[in-house]
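Good morning, colleagues. Please turn to the chain on the screen; I shall speak about its core and its salt bridges.

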Amino acid sequence: MRRRLFLVFLPSFYTPIGFANEAAWNCEQSKDGKGWVCVGEAKPADKATEAQAPAQPAPVKETQPPVIPEPIQAERPVAPSEPVEETEPVLAKPAVKETQPPVIPEPIQAERPETPSEPVEETEPVLAKPAEEVGPAETEPAADEQPVISEQDKRQVVVKRPVINDANKPVPVEIKNTKTAGTADTQQRPGWSCAPGEENQNWSCKLVGADPKGQAQVVATDEAQFHLLDPAFDLQQERIFNTLQTQLKYDPWANCAVDVPVSPEFVPEKHLRETSPLEVRSDYSEVFDAETSSYFGNVQIHRADQHILSDAASYDTVSETLDLQGDVYYSEDELALYSDTAVLNLATDQGRLRDTMFISPAAPLRGRAKVVYRDSKTLSRYKDVAYTSCRPGNQDWVVHASELKLSDATGKGSAKNAWLEFKGTPVFYSPYLSFPIDDRRISGFLAPSFGNTERAGFNFSVPYYWNIAPNYDATLRPRYLSKRGVLLAGDFRYLSEITEGKLSLEFLPDDSLQDRSRYFARLLNSARFTPHLTSKMDLSYVSDKDYFNDLGNALSLTNLSYLHSQADVSYNNEGVSFINRVENYQAIDKAIPQRNRPYRRLPQSILNLNHSFDFMPLDTAMNAEYVFFQHEELVNGQRFNIKPSVGFPLETPGAFLRPRLSLQHTQYELSEQQTRNLGQPDSISRTLPIASIDGGLFFEREIDFGESAYMHTIEPRLFYLYIPKDNQDDIPLFDTSLYDFNFSSLFRENRFSGNDRVQDANQVTAAVTSRLVDPETGKERVRFDIGEIFYFRDREVGLCGNYYSPLCTVNRPIETSSFSNLVSELNVRFTDHVSVDSGVQWSPDVNDIVRGDIMLHYVNQPGEIFNIGYRYRKNTVVTFPDRRNDIIQSDISFHWPIYDNWYAVGRWQYSLLNNATRESFIGFEKENCCWRFRLIGRRWVNTAVLNAFGDTALGNVDIASLDPEGESQTGVFFQIELKGLTGVGEKLDEFFEQQIYGYRKPER
């Protein structure tokens, strides 16, 4: 059954260009330079006189004023990025009849899109010249009476319109393409030649020889760029790409330089094609037997999201075939194309197009093809094709192929005799290529990567992706290391209904420098058995401690001291949380002895319960834990800890009061006592009550600061804590260290991490917070915190005890001061791009500043990032002559534009105390819409030691505590990515995110 299409014939919006009774016209620019004055020619005396004498303009008769019809507006897409400049009128010159007075049409303003991305060479406007007509010979004005080109004509305008002959039938108009002048002799050809004048002046145009009567001429240019190959798309084609771009509902390249692209805001109408009528508009139309319709002049066809412009069209309602001729522009939600001729079957979505140019906005991609065959809705073929992802006006890289086939059914594309040019130079060729065109996976080689390090030498890798099954795949990534040999590596991924994971293996059969085999293995797995029951695994093992220093890429692993492995099963529901895990640490830093390795947890079980009552202000909770700690060289032990608590929260919009009572009981069963601890008990228990009251007020008011209104708040807060003293020296340190001291530490119930120590406390914290908040956005523009702890007794419970711990090489004295450090923090957001984070701690014991840091951030996405900071920390617990536990460090990081999308990128951490660089890298990045280039050199320190008096948790090493005598390495890393095609080299995005504050990984 044939589908029915509804044809809607609308009256023409155009006035015919000319009739047989119109006279010829002579035009010249007005004296004020703002327009054109056209004067009609009188009827020649006779044909013989006109044939023999030179053409002269005829005077206008005063008794018969000219009749001026309305201007003819040429409906063509206009690029919105630049204003359309006025051009010389396009005149259709008809024959002259003796019996009709002259009729003067207004100039036809031809709107054409302009290329916004690159300067367009200046040429004389091209005039549509009619074919020979029956009647008197064409009258040509003398050369010195030709129209002068307007100073406002700064673009070539190509206009094709049907010309009406005596039979009122359209005659095709042939427009020649303009070619750029490349040598001096071409500039001496007859015709108009325009060259740019001095700065801030108009174009200078000269006429050589006889007037070419509107034909396109070369334009003089002073620019000369080296290209081994001719441009893949010439100037005229680039203009057509700009026209196609304006026909899309959004600019595909509008957000190419933004880190997080904005999704286009439009509603697709593709699904309406089956039910929408075919709407046709044209200047003239003919219908034959109610089956075949022909349309001439400014043909416009619409159906749902499909829009077509052409000079002529023919539609067969029986076969539903549409034949388009002359300047065919086609656009839909997912495609825009231009062609000289096109034959489309609307019933089967088949078609054939010649000399086609297209834009696919989803990728985005643009290109050209000699012939396009649309075999079905899912299969299309291209002959002699070239495409790129660069925006119109940019041809930095282009892929050429003799044949290209795209299948939407399989998600695959293939190309024959494909080669890649970069910056006009061929760089790659392949007789056959296969690639995916959507998210579906296919097997094949991936982009290679390479780099260079001191320990491994030059390394090169060409991964191969193997699509085993819909839920299984593998990536084989062998790597050649010039100093070590061939390293075999691979990743295997799997997916099922309840689990997914990844297994990674690396194996070096024979290390050329160490004469042994080396390996690394890692398993990542996560499973969801029920909505509340889940499981996770992260297991890793390496053959030796130097593996990552010798064979790693030095980017993904930074200052790694331990290889952590963990597996757990957890249950989470409202008010209930249970987790059971096993955990292990493998030391991979030679500077850390075996006895300083963290304890293994085999296993650890944690149960947390909480409940709040609606009918009264009462919160109840209980935390319980069981863990078995194991170590080869230290005492082993089992720990059971339970902590029930009850709270009575009272809150109003302007105040809060939260009393809380807890009881913490801990039981230890110790084993594998060391020789030095033979007299210590094997069973230890501890029970301590904990009482706290947390209260505060909230004051706010509106204030005007400059021309802006803000909400100013003042929030005083008091926190009282009481815990009785209990001697805990007989308890080993399994997983406990001292928290770092900052503003949030003022309100903790325990200054120790872990459960091996519970502080003794009788203290009150007084603090004030003040903010300036933008009421419209809710953003904090200014936040200032200041607070201090007032101690009512000495703190006798310390970290160190009777058992060895790497944190206790020197005993800390009892803290007897009555005041803690006065802590202040100031964060200011001057604008959305400029901010300052700072903090200062003043010690009343030494009457000096013991900690300070300040960091200035300037983040103006997408590429302007600059951070500079200073960090100072003075150890006041134990003083060494060499101040080895002090920190005086500067930190600078940046990602900054230099010139023409070139960026400088780097970071420099420098120890002012040791006069040594701790971490640094510097490099360059080139970023535009179609390709990205990166090159960095990095220097880093391998060896780290635990900071015996640091404030980090066990197993985490601050870069400031790195051994100043540690070994350093350097490396060079390179990456180039052709957007929409492929990339080569190391992936530096994640490394930049870790090292540069404010840097975000680009989405494309």
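Ile301 is in contact (heavy atoms within 4.5 Å) with Leu278, Glu279, Val280, Gln306, His307, Ile308, Ala313, Leu322 and Leu324, leaving aside its neighbours within four places in sequence. This is a predicted model: local features need pLDDT of at least 70, side-chain atom pairs count only at pLDDT 80 or more, and totals for chains, interfaces and linings use all residues. Residues are numbered from 1 along each chain as its sequence is written, and side-chain values use heavy atoms, with hydrogens and water left out.

Ile301 belongs, with Ile308, Leu324 and Trp397, to the residues with the most contacts inside the largest nonpolar core, which has 37 residues. Such a core is a set of buried Ala, Val, Leu, Ile, Met, Phe, Trp, Tyr and Cys residues joined through side-chain atoms within 4.5 Å. Buried means under 20% relative accessible area, exposed over 50%, and partly exposed in between, with a 1.4 Å probe and protein chains only.

I turn to salt bridges, defined as a side-chain nitrogen of Lys or Arg within 4 Å of a carboxyl oxygen of Asp or Glu. The count comes to 49. Which residue forms a salt bridge with Arg518? The partner is Asp550, with the closest N and O atoms 3.1 Å apart. Arg518 counts as buried at 0% relative accessibility, and Asp550 counts as buried at 1%. Both residues take part in a network of salt bridges that also includes Arg455 and Asp511.
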